[in-house]
Structures are given as C-alpha cells and as structure tokens.
Amino acid sequence: MVAVAGCSPTPGQAGPGAAGESRPLPTAEFEVLASGLDAPWSITFHGQTPLISERDSARILEITDTGHTREVAVIDGVTAVGEGGLLGIASHDEYLYVYSMSDRENRIERFALSGEPGALALGAGEVILDGIAAASYHNGGRIAFGPDGMLYATVGDAGNPASAQDLESLSGKILRLTPEGGVPQDNPFEGSLVYSYGHRNPQGIAWDAAGVMYASEFGQNTWDELNVIEAGGNYGWPEVEGSAGRDGFVDPVQQWKPADASPSGIAITSETIHIANLRGARLRDVPLADLGQSSERFTGELGRLRDVTVAPDGSLWMLTNNTDGRGDPRPDDDRVLRIDPSA
C-alpha cells in the first residue's frame, strides 16, 4: 500500500545553534511495509532481513518480503515500565545485540543469530554489560556499531541529572564497547566505557561517510539537541541545556523546542541527517553541508516517529510510535514505512 504525504512549511525554532530557516521539502510518498506493531522501538538489518524490537512485548520481529511479521524471539527478563523495556537492537556479524531494562537495571546482551530469512532464531543470551541505572524514563537505549567496529550505546540519566557529570557513573553518557563488552584501549578515559558525557537522554546515533558521529538528545523544557560527538566531550547536562557558549561544554549544532522535536532515532545518507521526532511528529532533514539548516516532512501526518534507518537498498525505513501510550493510534498502527530519502 502506498500513501501520499505532504510536508509542513512550519519553520524550525530559531535560536543559538538552531536552524535559522527551515525549508519545506517537496511532497513525498511513503510505502507501508508492515502494520499492527505494538510500540516498536528500533530497526536493524541482518543482511537483507529487517528486524524490529517491540518495547512492551519484548518481542523481536522479522519483516518478510510479503509485509508479514514473524516473531523471532521474546527476550527474557525484560520489564516494561514507562519508557523502559526492550529498546535498541543492532545486528553485527552473526549476533543480535539488545539493550533492555530488567526489574533492577538496564543491560546489553548479545544473541547468536541463526537460520535463513523467514526462519531466523536466537541462541542463548550473553550479558556483555549490566549494572546500568534504570528508571521509568531517561533510559537512552540506542545501540549501533560505528565504522571502527565498536559498539556504541546511549544511556540516559535515569532521573538523576547529577550522574551525567560523574565519570564514575554510566548514566547520562554515550558508551563505547568492544563487541565482547570490554573497554577499548583508545577510549578517552582510561579503563572506562565512557565516550562522551553530560547527556540527559540521548536516543539517536549515526555516522557520516567521514566517520563523524552525530547524536540526538531530549532536552528538559527548553531545548532538544543535535550534537556532533567528540571523544571525551562534555555536553553540559545538567549545568546547561542547549547552546550556552561556556568553556568546557560542547554546544549543539542545532536545537529545537521539545514540542517541535523530541528527537529519537537518526540515520545518515550521503548528504543528509534524518531525524525521527516523537512529540514533533515529523521527519527532520539536516544537510551535512550546513548543520544549521533543516527541512521537515510528514509533519503531523504519521504521528510519532521513533526510529529511522538506512536500508541495504539505500531507502529510509521509519517506525511510527503511536501505540506507546502517548500517541493517538490509527487502526493500523504502528507501522513500518519506507521512503525515498531524496524525494
């Protein structure tokens, strides 16, 4: 099924580090690839096969060529409370990596993936990192492998803002791990998994072709952020929110009012950063050549958008997130959507 969606000419919120002008994009089409999902959170590809996590059911689903969903597994020990549950997933080599919340902590596990498309299966789970503080909100939860082959994970402050500035805590950080869960020797803080700190609730990470890392982050009441991530960088929370121009803190390259954004998953194509927005209910496109500009599409037409990723064929796949208790679901929500990134 193909539907047509227009884009909004509403300008982005201007301010220090924010877009000075938001340019509307041409009308674009999207294709519904699957529907009827329950609070989907993350998309990854195992080869050509798309896999989806559902936050509250703790299910891993594969999407078949015919648009049907098939349950690959239910992750044991997941506690779904508030914003917590089964969150980010990432495929690497022959493993599926999973970030989830239990009744006492957040953790990262990996599972051996076996079988052919349409019959994938997970082996026993191996915990590679545990003891991450958990709460009903601010769990972070996005995981992705960088171009260096290392596993990166976003971790929220779990309701304890001061922890974001504490280098002895994993909360309020972006972490960098080896695929086995160890500390890479070239991490910025010796013996530590911490890659950057001073984060409130980062939920999107991606890299451009030059290996530059970008992250989206939920602010509190004033500014949501898009950041360029530097090894060892301090992004300010809770001392500052948004662009402050203060020594010792890295300012965002763009910021928005939370009502217009709440940025979650992000993806990068050859020329553009694509940002899925929850409260803002739009896909925001930021040109790599001018990080202070942005364009918007699908504003208010698809509801909340949780994740976006680049598929093997170069198209963008998006997850709506209207069944998570905060949206206004349509009868066929939630959905997996496919769009042409250049449309």
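Is Arg59 buried, partly exposed or exposed, and what is its relative accessibility? Arg59 has 25% relative accessibility, so it counts as partly exposed (buried means under 20% relative accessible area, exposed over 50%, partly exposed in between, with a 1.4 Å probe and protein chains only). The model is predicted: local features need pLDDT of at least 70, side-chain atom pairs count only at pLDDT 80 or more, and totals for chains, interfaces and linings use all residues. Residues are numbered from 1 along each chain as its sequence is written, and side-chain values use heavy atoms, with hydrogens and water left out.

**Salt bridges overall**
- The count is 21 salt bridges (a side-chain nitrogen of Lys or Arg within 4 Å of a carboxyl oxygen of Asp or Glu).

**Glu71 and Arg59**
- Glu71 forms a salt bridge with Arg59, with the closest N and O atoms 3.5 Å apart.
- The pair joins strand 6 (residues 69–74), which holds Glu71, to strand 5 (residues 59–63), which holds Arg59; the two residues are 12 residues apart.
- Strands are DSSP runs (E, at least two residues), numbered from the N terminus.
- Glu71 has 41% relative accessibility, so it is partly exposed.

**The network around Glu296**
- Salt bridges link Asp260, Arg282, Arg284 and Glu296 in a network.
- Glu296 is buried, at a relative accessible area of 0%.
- Arg284 is also buried.
- Glu296 and Arg284 meet in a salt bridge at 3.1 Å, N to O.
- Glu296 is in strand 22 and Arg284 in strand 21, so this pair ties together parts 12 residues apart in sequence.
- Arg282 and Glu296 also form a salt bridge, at 3.1 Å, N to O.
- Arg282 sits in the loop between strand 20 (272–277) and strand 21 (283–287), so its bridge to Glu296 in strand 22 (residues 295–297) ties together parts 14 residues apart in sequence.
- Arg282 is buried, at 6% relative accessibility.

Definitions and conventions: Helix = DSSP H or I, 4+ residues; strand = E, 2+ residues; numbered from the N terminus.
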